[in-house]
Amino acid sequence: MSHPIKTIAEVLAKVNDLPSLPTVAARINEETDKESLTSKSLAGIISQDVSLVTRVLKLANSAYYGMSRQVDTIDHAVTILGINTIKSLAMALSISGIFHDHHSDEIDMKGLWVHSLGCGVIARSLVAHSDQDLAEKAFLCGIIHDIGLIAIATIVPIEFAHTKELMNDFGVPQCEAEKQILGFSHAEMGGKMAEGWKFPEDYQEAIALHHCGKTNGSDHNSKILCNSVYLANKICKIKKLGVSVNPNYSKVSQSSLELVGINKDQMVRSTENAEADLHQLLMV
Ligand SMILES: [Fe+2]
Ligand SMILES: [Fe+2]
């Protein structure tokens, strides 16, 4: 059991079984990567998916965004709420399809979606006081932080079940159990998937390091992004928002709060706001 039986590359090579980034999210990412995403092209991409249009408009008109008047077209929603807000909204709704479309005996997918969305809204709330653009990035990273779990549970389900046994029966920490059985963790797997999906490098890093909060680089915003997801993941577990594969958690460290640039009171307030946001989002 101590020898890795797969490598990330071997698992990634199983492309037919690997969760793919849904079309709308993939097209938005491509345009963002080419720096050619405009309000018009974003509205055009969303408009290709009728059910997504309905869901984006429903959310845009929900109490969550506190609009004073009805928004009835995607163009209008982009104008009123801004390109970054609608972009992350469309990405989040599009990515939720991965959680709905995959089944695993080992993962409560609905619970994992609530945990992931919760992590997204909390990460956004922790960063929102200082930088709105970075907050939207933190939202998306939070939503996809545990995506590696879905790939592992889908492609190597028996090994995934063994990692859970090691965690639950022998108290081995999650990433360590995964490394013992697989040779890599779900966090590293998620980082690789984000790379394949063409998410920017700072997203890949925040996902790959969401269990340790340490960054490889020295970029100030990357540190905030990475630690906001790290903290939000812990807070979701503490608050029991959704269902995580491993509900165990350690205390929130002062150094992570400092790296995000907040104190404990701000964290508590941000979390309360985010919890209210999550309940609004889940009602739509
Ligand atoms: Fe995780
Ligand atoms: Fe998580």
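Why does Val 229 count as buried? Val 229 has 34 C-beta neighbours inside 10 Å, so this residue counts as buried (20 or more other C-beta atoms within 10 Å, with C-beta atoms placed from the backbone; exposed means 12 or fewer, and partly exposed lies in between). Before we go on, note that this is a predicted model, in which local features need pLDDT of at least 70 and side-chain atom pairs count only at pLDDT 80 or more, while totals for chains, interfaces and linings use all residues. Residues are numbered from 1 along each chain as its sequence is written, and chains are lettered from A and ligands numbered from 1 in the order in which they are written.

Val 229 sits in helix α14, residues 220-238 (helices are DSSP runs of H or I, at least four residues, numbered from the N terminus). Leaving aside residues up to four places away in sequence, Val 229 touches Cys 119, Ala 123, Ala 138, Cys 141, Gly 142, His 145, Ala 206 and His 210 (contact means C-beta atoms, placed from the backbone, within 7 Å).

Now to the core. The largest nonpolar core has 85 residues, and Val 56, Ala 90, Ala 123, Cys 141 and Val 229 touch the most other members (such a core is a set of buried Ala, Val, Leu, Ile, Met, Phe, Trp, Tyr and Cys residues joined through C-beta atoms within 7 Å). Helix α7 (residues 109-128) gives this core its largest share, 10 residues.

Finally, look at helix α3 (residues 39-47), where Leu 42, Ala 43, Ile 45 and Ile 46 are buried. Ile 46 is also among the residues that Val 56 touches.

Technical notes. Helices (H or I, at least four residues) and strands (E, at least two) are DSSP runs, numbered from the N terminus. Two residues are in contact if their C-beta atoms, placed from the backbone, lie within 7 Å.
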